[in-house]
Amino acid sequence: MITLLDARNVTKRFGGLTALSDVSLTIRKGEVYGLIGPNGAGKTTFFNVLTGAYVPDGGELVFNGTELPSGKPDQVVAAGIARTFQNIRLFRDMTALENVMAGHHIRSRANPLSILLQTRQAKEEERLITERAFELLRYVGIERFADTVSKNLSYGDQRRLEIARALATEPQLLALDEPAAGMNATETARLRELVQTIRHDGVTVLLIEHDVKLVMGLCDRLAVLDFGRKIAEDVPAVVQKNEAVIAAYLGGHGTAGAAA
Amino acid sequence: MNELALAIPWLGKRHPAAARWVVVALALVAPLIAILFGKTWVRILDFAMLYVMLAIGLNLVVGFAGLLDLGYIAFYAVGAYTFAFLASPHFDIHLPFWIVLPLGAGFAALAGIILGLPTLRLRGDYLAIVTLGFGEIVRIFMNNLNHPVNITNGPQGINMIDPLVVFGWDISRPVKIGEDITINSLFLYYYVFLAFVVLSVILVQRLQISRVGRAWAAIRDDELAAKAIGINTRNMKLLAFSLGATFGGVAGGLFAAFQGFVSPESFSLMESIAVLTMIVFGGMGNLAGVIVGALALTALPEVLRHVAVPVQQAVFDRVILDPEVLRMLLLSLAMILMMLLRPSGMIPAYSRYSRPELVVGKAAGEGAK
């Protein structure tokens, strides 16, 4: 198994609060990797550090053998990591298609001059972007809403659109921040299928999720965070039986035995 | 050019081609209609064209990229003063317009970047305050740079600026055709300005429907998400500021040549606000709306000036409300009504791909193969 992402001793503090403390984890190419933990455990903080939104106070993130630039989201996307947000962040006034087309930004090259002159390359690129965007909408199953302004889409479709937009950046690692939050059972089932398709098509998936059933069923391996520390990392079946994990989820934090 | 059709929505929706031709025809014969009411009206049309250019440029910054700029007129000033410095007896430099205009545009773009760099992290109210300050700084510089070394000639402004000379043809002189037909230079300026407006529309439209335009729209809608899909928001914002300023700079140069005279009072805060009002009134983010807004709000005060006084005299035998007062009153009223009835302007912005004919055609074509 080839290592895709290697997080080494990542630490992030906010004033006196240590949101992430020496978190190390390894994501292998082609797997669905889960990151779970109680509220406030540091999952989203890890996401933000990984995607360049935060600068870590310590540690490093090695992606595909090279260190990720910290605090530079656009370079992280260029390196091949795309993300979605816990509270959906679409470009509200743009159509579904335009949202995905905007996602192609980093993989397209037309500069202002070639756009103003409408060079053949610029036109050809624009055509390809449109085509690719339609393909991606079809891929996530919402191509019939291509011309719908994204704020008018249903909640589940907005989630799918956000995934399509992230995929438009042609990532090797797709980081999904609680994609099933607020979804009903049918929508969650469809989401699970989508994630499996994405993985099947060669994109590694990092999944933050509260829905334990979804995580256990979908992830190849997972890590559990609690109070900013990694307390377990293994295949779901093993993590499920881990005493520290059970303690973290059922309360009685501190000594694992107290929860039992 | 489909946006053109939208300038007259009731026709544009059903017969875009017809609407487009109506717009083109109107643009071409406008001065001929205006002359029926007197030469002043042709002059007003000329100024309207300059305001349209300003509105197009400001719309690029405010409407497309969502960066509220209250000091936009500063770029107009930079363009105008560049022209005044390099084509007038003031420094006794007389460069041709095809050198001066691009230079003015370039300096304006530079000014845009100078304004953009320190304000990259600001949004909304905070950005508005800084840009407002920037606009005032430029005006105050123009006002006071006559001492100790006289650069701008202070509040007196710069006079006797060279007119536009196209291939040795001075367009500020009337053209005589045969014996008794003369074409006033106001007409010539109109068509020159119209050409610049058309070019601006084409260029801005190309930008809007491109990866750059989408990046701007993304930053406008959600800057964090824009970063998360890999858009370099710093560069894109600077690009918006500098390109927007370029249009202001060109308009400024044309203004200087047309007017033959520039002074700091033409570049007050009220002018910035007037241009912003035009794009809000017309429909921020929509080219057709912005143009209609600029035309409407340039014409309105002039119509008032010519109508209000006679009407009041006829009705009350005296002038009760000065046209200038009335103008502010009506403009405010128009804005309030606008916000209540059509908050996104007369012709609201729409998503390019929200037009069914484009998407359906495309999707059907895709499905067939």
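These legends go with several views of a predicted model.

Local features need pLDDT of at least 70 and side-chain atom pairs count only at pLDDT 80 or more, while totals for chains, interfaces and linings use all residues. Residues are numbered from 1 along each chain as its sequence is written, and chains are lettered from A and ligands numbered from 1 in the order in which they are written.

**View 1. Chain A is divided into two parts, domain 1 and domain 2.** Domain 1 covers 1–80 + 171–260. Domain 2 covers 91–169. These bounds come from an automatic or database domain assignment. The C-alpha centres of the two domains of chain A lie 28 Å apart.

**View 2. Domain 1 of chain A touches domain 2 of chain A.** Each domain gives 10 residues to the contact (C-beta atoms, placed from the backbone, within 7 Å). On the domain 1 side, helix 2 (73–79) and helix 7 (185–200) of chain A each give two or more residues (helices are DSSP runs of H or I, at least four residues, numbered from the N terminus). Helix 2 of chain A has the largest share, three residues.

**View 3. Chain B has 15 helices and six strands.** Strands are DSSP runs of E, at least two residues. The C-alpha trace of chain B spans about 65 × 50 × 50 Å along its principal axes. Of its 369 residues, 48% count as buried (20 or more other C-beta atoms within 10 Å of a residue's own, all placed from the backbone).

Technical notes: Contact = placed C-beta atoms within 7 Å. Buried ≥ 20, exposed ≤ 12 C-beta atoms within 10 Å, placed from the backbone.
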